[in-house]
Structure formats: structure tokens, C-alpha cells
Amino acid sequence: MSTSATPSRTAPSPAAGMAAGLTAAGVRRIFGMPGGGPNLEMIGAAHEHGIGFTLARGETAACVMAGVFGLLTATPGVAVVTRGPGLTSAVNGLAQATLDRAPLVLVSDTVPADRRARIGHQLLDQVAVAAPVTRWNGILGAADPARVTAAACAVASGPRPGAVHLDFDPSVPGDAAPAVPGPAPLDEAALDRAVATARGRRRPVVVLGSSAPRHAAALRAVLNGAGVPVLTTYQGLGTIGTGGPDAAGLYTNGSPERSLLAEADLVVGVGLDGVEPMPGEWPWEAPVVLLDDAGFGPDTNTEFYGAPEPVTGPPAASLAALLDAAAPAWEPGTGARRREEFRAALRAAPRGDGLHPVDLTTAVLDHHGPVQVTVDAGAHMLAVLPLCDADRPHQVLISNGLATMGYALPAAVGAALARPGERVVCMVGDGGLGMTLAELETLARLNLPVTVVVFDDAALTLIELKQREGQGGAGAVRFTDVDFAAVAAGMGIRSAVAGDLAGVRAALAGSGDGPFLLDARVDPAGYSHVMRVSRG
């Protein structure tokens, strides 16, 4: 890497060059939490190019907001943080974007190279810190910052999206622009082998994964009316409408898909990524074909699916060739029946006196209809996700590849800004909300139409369900009660507490048009049934 530079007095400043590169890449908004150094200069330069700035309360939250905003607007999401603790606090946001395939460019201030010999304060090798969780990672210096920034945005955007980190140091020329990947060409030989495998198969099943939404229109044209059951991962939800006759529900490497895959004689994964399923063996005997134009590198973990036939190239065209070769003979509507059978099993939980998480989910979704939904990691996600309907890609958002808590609230902020005027429903546990509680002020400050539903049982319930004797007891998994409605009210958000269905419905009916928080006191006993049905 270069160590010195003397920019021309007439050349644009590196911050202005960065802003020009962001503009060329189509960036609309920056998120972040500025500190000392040139952060405010970056924000001001972006403003001169018509790029707005959203102030977050934390660096990881800013990264999540940016990644979601980018995902929903088909633009690179951008976050700006300060050096040292700013960068290290953002590392979880970088990992989330990379493992959840969200387009994120993080720009961090750093101690300039020409001053490091006499500055130890906040001095870190920030490029080394970010390297394991980024697609590309380098120094944005004085040499052609517009071109480097635009190329970094292109890397973050895909074909397989993820996080890119730029360490902003105008005292050096910086790194050259990264190579920008393009879609992988069709592997005709692999497709021929896959077609031979598919020929005459009577029970093919298609599984849509995290890369499938980019091809939603073309895939719908192939799958509509094909009579082939279609499963989706959490991140593939909405690639096809979830209410159609072939929409068979979720694929999680758990119970939802078990009956279908046990009967399948061919599994075709489209944009299916090994970071998405729950860890475990691939137990199915049917041959597997994986289709993706993003290619199949080590980070896609194709070995999870046994010994698949990977086929690069436009996935919809390859899928059409496979289904033309097959001879599907599923009974019409098989997908819809399997989907509704699983939902019925989930709803058939024994009820006690408390508020069941499935009933809470049903009441919220019935009240709002098919809105944009964000979901946090935790036990509540097992009740929420199978019941969510989606008719467009990314209508349901969750951290799945990283499965980090603290995702849903900042994701809801990013989604509401990306889709102005649309109601967003944020489904979050009390543990996840506790990690991002300060972002309620962001929600109130921006006056966004977000309904936050807190599945509040004062515990890390998903972990508690797995806890055994000698593993710390209640002190390892239980919190004291928190009045989240009072906290929200203190930050300027309308709020309510409910402990039964009547209270939930009344609270939602009076929630108004702006931000609203429902502190729903759920009975954790209901999660045992949810876990049995979902995980087996």
C-alpha cells in the first residue's frame, strides 16, 4: 500500500471525490454516527451531491439501516463511522451484511498514515480488523477516490452482495479500485449434466434462496403454472407470491419442508446459499442441482447439500430447461396444502391463560395485512415467519446468515426510509430490542410509520429452551421485567401494554399513523410447542 501523497491544490478533496463516486453508483442516502476527523466533511460533501444523511444511535445499527435501505432500493447502502471504537462497533454490521448478502459500503475515518508515528490514541489496523467480514477492504486515499468509491459500491452490490470497507486516509494515494465482478456465464456442460439428471423426474421440488429475489420476475414466469412445489428460505420469501397453489412454505433444514423433500426425486436450488439453513446434515436422497449466476465460491458452502450439481448462468433459463426435461406429476395444489398443514400444526398449540406468541403474530398480521415486516432472531421468529405472507421480494427481512439479534428495529428504520409512506411492522423480542433500544429515539425523531411489536417474556427464550442442568440456571437466560411501553413513551413514541388478545387488538386499533410500540407480554410456555413443530 502507498504511504504518501501530495494532492493537487486544484483537485477535488478526497471527500468530494468520495461523494462523486457515491453519486455515480446511485447512492441516495448515508447512515452513520459521526465522530472526530473528516466524518462531517464526508457528510457535507455527500449533501452537496444531493445525498441525505440519517443519524443513528449506534454504528452496527447504522450498518443495518444502510444495508436494508440498499437492498430495498437496489442501490449500495452506505454508512459512515469514526475511527477506533466507531469501526470496531460496526464489525457486527459488516458481518451481518456479508453473511446476509446485503449491499453495504462502510467508510471509516482513521489515524492518517503520515501521523501514526506520533499518535497511539485510537490507533488500530482497521483494514485488518474488517478483512474477515468484508467482500473487499482497502484504503480510500487521494488517488482517484471517485473511481475507487464507485468500484467499491459495485463490489458491495454483487452479483453476491456483501460488505465493503473503505478506510478514509487522504494522506496516502490509497488502494487501486477493486475489480468489479459480473454475473457468471452459463456453464453449458454443467447444465447438460443437470438436464440429464432431471429428465423424467416426477416429483421435483424447487427451493428459492437469498439470491433468487434478484431474478423474481423471470423465475415467476417459469414457475407460475408449472405444478411444482416451491419452498423458500427466509430470505427468499416473496420471490414468488406465498399464497399461490405451488407455494409450499419455508425451507429451514427443519420440519416445515420435511414431508416434501422426503418425497422429492429432484431438488433444484435457485440462489440457494449454504449460510441460510440451520446447521445439520443433508438427509435427502434426491439429487440436487444448484442454479446461480453469482458463482459458487467457498463462502456459499455448497457441500451442505451433499454432492450437488452446480450450474452457473442465468438461473431462470436453466430452471426452465430442467423443468422441461422433468415430468412433474404432483397432485395439483400440493404446495399450498403442505404450507397450510404446517401453519395449522403451528396454530394447534395448547393454550393457557397467557398470550400465546402464535396468537399475537396472527392478530398483528391480520390487523396490518401484507405489509413490510422485519423480524429479529429469537424464539418469536419461529412463530412469525411461517405465518407471514409476501407478494414481493424482501417483504420479510431477517438476519439469517449471521442470525444476529438487534437487527429488526434498525432494519425497520431502513425499510421505512426506503419505502416512504408504507407501514413497517417490526417483530422483536425483548432481548433484541434491549440491544438497540436507543434507536427508538431515531424512530421518533424521523416520525416513521413503524409498528414495533415486542414479544416480551423477559428472557432469552430460544436459549432457555435448550438449557440443561448445570448451565447457569435462570441467571444465564432471564432478565427482570422492563416496561418497554414506558421507555418508548419517554422517547416520544405512542405505546401500549397488552397481555391478552383483546388488549392486543385494542392497542393496534388505536395505534395511529406514526411510530407505535406494543409491549406484548407473551407467555413463554407457548414456545415449547412452536419449537417442536418448527425444529422437530
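1. Aromatic pairs. In this predicted model, the aromatic pairs number 5. One of them joins Phe 304 and Tyr 305: the ring centres are 5.0 Å apart and the planes stand at 80°, so the pair is edge-to-face. The threshold for that class is an angle over 60 degrees. Phe 304 and Tyr 305 are both buried. Ring pairs also bring these two together with Tyr 251 and Trp 282 in a cluster.

2. Nonpolar cores. The largest nonpolar core comprises 50 residues, and Leu 443, Val 450, Val 452 and Leu 517 have the most contacts inside it. Leu 443, when neighbours within four places in sequence are set aside, is in contact with Leu 409, Val 413, Leu 448, Val 450, Val 452, Ile 493 and Pro 515. Another core, of 43 residues, lies apart from the largest one; Leu 250, Val 371, Val 522 and Met 531 are among its members.

3. Salt bridge between Glu 441 and Arg 57. The model contains 18 salt bridges. In one of them, the side chains of Glu 441 and Arg 57 meet with an N to O distance of 3.1 Å. Glu 441 belongs to helix H17 (residues 439–446), whereas Arg 57 sits in the loop between strand S2 (52–55) and helix H3 (59–73); the pair therefore ties together parts that are 384 residues apart in sequence. Arg 57 has a relative accessibility of 45% and counts as partly exposed.

4. Salt bridge between Arg 160 and Asp 273. Here the closest N and O atoms are 3.4 Å apart. This pair, too, links distant parts of the chain: Arg 160 is in the loop between helix H7 (145–157) and strand S6 (163–168), and Asp 273 is in the loop between strand S10 (266–270) and strand S11 (288–292), 113 residues apart. Are the two partners buried or exposed? Arg 160 is buried, because its relative accessible area is 10%, under the 20% limit. Asp 273 is likewise buried, at 0%.

5. Salt bridge between Arg 337 and Glu 331. The closest N and O atoms of this pair are 3.8 Å apart. Arg 337 counts as partly exposed at 35% relative accessibility, while Glu 331, at 54%, counts as exposed.

6. Helix H21. Of the 10 residues in helix H21 (residues 526–535), 7 are buried, so the helix is largely enclosed by the rest of the structure. The buried residues are Gly 526, Tyr 527, His 529, Val 530, Met 531, Val 533 and Ser 534. Which elements do the buried residues of H21 pack against? They pack against helix H12 (334–347), helix H13 (357–368), helix H14 (380–384), strand S16 (450–456) and helix H18 (461–464). Met 531 is also among the residues of the 43-residue core. Gly 536 follows the helix, and its phi is positive, near 80°.

7. Gly 238. This residue is placed in the loop between strand S8 (230–232) and strand S9 (247–250). Gly 238 counts as buried, with 0% relative accessibility. Not counting residues up to four places away in sequence, Gly 238 touches Arg 220, Ala 390, Asp 391, Arg 392 and Pro 393. Thr 73 is 165 residues from Gly 238 along the chain, and the C-alpha atoms of the two are separated by 16 Å.

How values were computed:
Residues are numbered from 1 along each chain as its sequence is written. This is a predicted model: local features need pLDDT of at least 70, side-chain atom pairs count only at pLDDT 80 or more; totals for chains, interfaces and linings use all residues. Side-chain values use heavy atoms; hydrogens and water are left out. A nonpolar core is a set of buried Ala, Val, Leu, Ile, Met, Phe, Trp, Tyr and Cys residues joined through side-chain atoms within 4.5 Å. Buried means under 20% relative accessible area, exposed over 50%, partly exposed in between (1.4 Å probe, protein chains only). Contact means heavy atoms within 4.5 Å. A salt bridge is a side-chain nitrogen of Lys or Arg within 4 Å of a carboxyl oxygen of Asp or Glu. Helices (H or I, at least four residues) and strands (E, at least two) are DSSP runs, numbered from the N terminus. Rings of Phe, Tyr and Trp (its six-membered ring) pair if their centres lie within 6.5 Å; planes under 30 degrees apart count as stacked, over 60 as edge-to-face and the rest as tilted.
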